[in-house]
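Please open the model in your viewer and keep the sequence panel beside it.

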Amino acid sequence: MRPVRLAPHLACHRAAVSAAGAALVAALSLLGPTSAQAAGTLTVCTESAPDGFDIVQYESAVTNDAAGLTIYDQLALFKPGGTEVIPGLAERWEISPDGLTYTLHLRKGVKFHTTPYFKPTRDFNADDVIWSMQRLRDKTHPAHGVARGGYVYWQGMGMNEIIKSVDKVDAMTVRFTLTKPEAPFLADLAMSPLGSIYSAEYAEQLGKAGKLDAINTQPIGTGPFVFKSYQKDAIIRFGAHTAYWGGAPKVDNLIFAITVDPNVRVHRLKAGECLVGTNMKAETASAFDGDPKVKMQRNNALLTAYLAPNNKRKFLSDARFREALWLALDKKTYIQSVYGGNATPAVSFLPPGMWSADKTLKDRQDPERAKALVKASGYDGTELALFTRIGGSIDGKRAAELMQADWARVGIKVKVQMMEWGEMLKRTGKGDHDLTFLNWAGDNGDPDNFFTPNLSCDAVTGGGNKSQWCNKAFEDLIEAAKKTPDAKKRTELYTKAQKVLYDDVGMVPLVYPVSMTAVNNKVKGFVPNPFANNDFRHVSVE
């Protein structure tokens, strides 16, 4: 996501500390008593606000934490701490020999949430699956238009081209018929923006009241936690879903304390007001050295930070210019200054821990060659806009300024534009940028989850492909890989796809960051996630 800056003047430093302290006091007042965590309560410091609670509309990890892994369940799940697909709302399934038909047998006795605004009269069944899938697939569905920006993930993954039909076999059985074999299909159904199931009964209630938009503000699911309230940009409260089919959560209350300022997050963790800090900035890691109460957990997640040059813009449409952007970067300095050394240089978009990652590719750094390529591309000195987010796991401003300085040395002019996370995703999805940089964390342990939502031609239209790069040779290779069940053959195809991407510089891999989560010793059962998500259904507090 994301010239070495001098330390601020002492007066500025004091002002920053004062501002952080004021923010801390204001934030803590929302949580009630500050002396200790209430019994049975887990408070988590998160780095930004969710985009909403209608998970199928959104793509950000923080929204997935606040909705996809709390409020909703998916048809399949991932084994905690791993990438193995296990039963979820579907307790078992059969796949036809030709790979085109998936028959899912649904779990009986699953309860929807009961809240002041909805009291279910029946358990989860096939009608809920049909409603949830048809909403995404059918533009005439009454709830399809609720997502005014569309369904970024669904569109980017090309799900309408993959799924031919979804049919109700009986009250507890549904059948997916595909247009072509799709090796990652079950893993796709375990991903929150694709496989989350909504209450058709609740939707009918909202529809009759003309309030379908409330799906995004007053959510109902079958997940481990029940939504209670949201104070915008400040705090989200959840209660335990005591009738949860997987067993009631071990905490009665889950609180997300939205804490954008990383220094305030450290203060809150040290004060014991937050017991978990997600997506911590690397430079804050040393703050917990020797701390007997809080430990920083480091995890080599399936995570890549990358630069997305808008391939549809002048100059950036030239592969020579895109290569120059890569060649100019001083990643060694970037890693030390931005990540405190907690990252390694990236070469492929696939992180090293992902099967089929091509480890033969070489990093690029050659400022002199970059200058020659800039000149050859016909670049005329036009200033390019680099979009970066406010907040997050790194100092986006510092990261952007380092890249800006590297590019200036080879003759490329760049201005830095900072904006809120949700706005940046929306604007880069529409292609308003020249350059932006983001993190991508794998969602299902399959290479396709990196390639299709971020680099396919469908994802350009859907808004997930921030590089706006569409390459037929690459597309043909990833499509062939998805149709192939044999892992060895898929690896060969993905290796070729990585070479196409590398040669055409469709995007620029920056680094493989270490994912960091601060965890208080009172917290038991927290398992770092290979997808850089945070799931608290099995967590307890001593």
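In this tour, Lys and Arg count as positive and Asp and Glu as negative, while His and the chain ends are not counted. The model itself is predicted.

**Stop 1: the whole chain**

Select the charged side chains first. The chain carries 65 positive and 58 negative side chains, and the centres of these two sets are 3 Å apart.

Next, display the entire chain as a cartoon. Its secondary structure comprises 18 helices and 21 strands. The radius of gyration is 23 Å, close to the 24 Å that the globule rule gives for 542 residues, so the chain is as compact as a globular protein of that length. Along the principal axes, the C-alpha trace spans about 70 × 60 × 40 Å.

Of the 542 residues, 60% are buried.

**Stop 2**

As a general point, strands of a sheet pair through backbone hydrogen bonds, either parallel or antiparallel.

**Stop 3**

Select residues 225-231, which form β8. This strand belongs to an open sheet of 7 strands in the order β8-β9-β10-β1-β11-β19-β12, with mixed pairing. The edge strands are β8 and β12 (294-299), and each pairs on one side only.

Within this sheet, select residues 276-277 (β11) and 515-520 (β19). These two strands are antiparallel and share 2 bridges. Val276 stands opposite Val519 in β19.

Then select Ala257, a residue of strand β10 (residues 253-258). Is Ala257 buried or exposed? Residues under 20% relative accessible area count as buried. At 1% relative accessibility, Ala257 is therefore buried. Select Glu47 as well: Ala257 and Glu47 are 210 residues apart along the chain, yet their C-alpha atoms are separated by 8.7 Å.

**Stop 4**

Select residues 435-441, strand β17. How many of its 7 residues are buried? The count is 7 of 7. Both faces are covered: Leu435, Phe437, Asn439 and Ala441 are buried on one side, and Thr436, Leu438 and Trp440 are buried on the other.

Two pairings can be followed from here. Strand β13 (residues 303-309) runs antiparallel to β17 and is joined to β17 by 7 bridges. In this pairing, Leu303 stands opposite Ala441. Strand β15 (residues 384-389) runs parallel to β17, with 2 bridges between them. Here Phe387 has Thr436 of β17 as its bridge partner.

**Stop 5**

Select Asp213, in the loop between α8 (200-208) and β8 (225-231). With a relative accessibility of 40%, Asp213 counts as partly exposed.

Move to Ser356, in the loop between β14 (343-345) and α12 (367-376). Ser356 has a positive phi of about 80°, although it is not a glycine. At 10% relative accessibility, Ser356 counts as buried.

Finish at Ala532, in the loop between β20 (523-524) and β21 (540-541). Ala532 is likewise a residue other than glycine with a positive phi, near 65°.

Notes. Residues numbered from 1 in each chain as written. Heavy atoms only, no water. Helix = DSSP H or I, 4+ residues; strand = E, 2+ residues; numbered from the N terminus. Rg over C-alpha atoms; globule rule 2.2 N^0.38 Å. Buried < 20%, exposed > 50% of the residue type's maximum accessible area, 1.4 Å probe, protein only. Charge placed at Lys NZ, Arg CZ, Asp CG, Glu CD. Pairing = 2+ DSSP bridges.
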